[in-house]
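Good morning, colleagues. Please take a moment with the sequence and the model on the screen before I go through the packing.

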Amino acid sequence: MTASFFFIVNPAAGAGRGAAEGERLLAAARARGLSFECEWSRGAETATSFARQALRAGAETIVAVGGDGTVNEVLNGFFLNGE
């Protein structure tokens, strides 16, 4: 992974507002020339899986875009087997 930032966006967050907020945030990142990668969650626990993959690939900063459930899933990705 060469990107400094890894965004995990939940498009269903906020009764569907997550998609628009994700697009807005990604556009702002592009406009600032940030190096980033992004995945869009597709259901339960996909954000956890994306966070684990990003960490294994060497992501420096992981950004959760969504509500408290998305943040919880992303944080769970930092801990394998409850550690």
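This is a predicted model: local features need pLDDT of at least 70, side-chain atom pairs count only at pLDDT 80 or more; totals for chains, interfaces and linings use all residues.

Which residues of helix 1 are buried? In helix 1, the buried positions are Gly 18, Gly 22, Leu 26 and Ala 29. These four residues lie on the same side of helix 1, because the arc they cover around the axis is only 65°. Turning to the other side of helix 1, we find Arg 17, Ala 20 and Ala 31 exposed. The helix itself runs over residues 17-31, which makes 15 residues. From first C-alpha to last, helix 1 reaches 21 Å, close to the 21 Å expected at 1.5 Å a residue. After helix 1 comes Gly 33, with a positive phi near 75°.

Against what do the buried residues of helix 1 pack? Their partners are strand 1, strand 2 (36-40) and strand 3 (61-65).

Let me take strand 1 next. Four of its five residues are buried, so strand 1 is largely enclosed by the rest of the structure. Its pairing with strand 2 is parallel and extends over five bridges. Within that pairing, Val 9 has Trp 40 of strand 2 as its bridge partner.

In soluble globular proteins, nonpolar side chains tend to be buried together. Here, the largest nonpolar core comprises nine residues: Phe 6, Ile 8, Ala 47, Phe 50, Ala 51, Ala 54, Ala 59, Ile 62 and Val 74. At least two residues of this core come from strand 1 (5-9), and at least two from helix 2 (46-56). Which element gives the most to this core? The answer is helix 2, with four residues. Apart from this core lies another, of five residues, including Phe 7, Val 9, Ala 29 and Val 65. Two of these names have already come up: Ala 29 as a buried residue of helix 1, and Val 9 as the bridge partner of Trp 40.

Helix 3, residues 68-76, deserves a similar look. Its buried residues include Thr 70, Glu 73 and Val 74. An arc of only 100° around the axis holds these three, which puts them on the same side of helix 3. Strand 1, helix 2 and strand 3 are among the elements that cover them. Val 74, in turn, belongs to the nine-residue core.

The side chain of Thr 48 reaches the backbone oxygen of Glu 73 at 2.8 Å. Leaving aside neighbours within four places in sequence, the contacts of Thr 48 are Glu 73, Asn 76 and Gly 77.

Ala 57 is partly exposed, with a relative accessible area of 37%, whereas Glu 60 is exposed, at 65%. How far apart are the C-alpha atoms of Glu 60 and Ser 4? They are separated by 5.4 Å, although the two residues stand 56 residues apart along the chain. For Ala 57 and Phe 79, 22 residues apart in sequence, the C-alpha to C-alpha distance is 15 Å.

Thank you for your attention.

Methods
Residues are numbered from 1 along each chain as its sequence is written. Side-chain values use heavy atoms; hydrogens and water are left out. A nonpolar core is a set of buried Ala, Val, Leu, Ile, Met, Phe, Trp, Tyr and Cys residues joined through side-chain atoms within 4.5 Å. Buried means under 20% relative accessible area, exposed over 50%, partly exposed in between (1.4 Å probe, protein chains only). The expected span of a helix is 1.5 Å times one less than its number of residues. The arc is that of the directions from the helix axis to the C-beta atoms. Contact means heavy atoms within 4.5 Å. A polar contact is a pair of N or O atoms within 3.5 Å; within protein, one must be able to donate a hydrogen and the other to accept it, and residues adjacent in sequence count only if both atoms are side-chain atoms. Two strands pair if DSSP finds at least two bridges between them.
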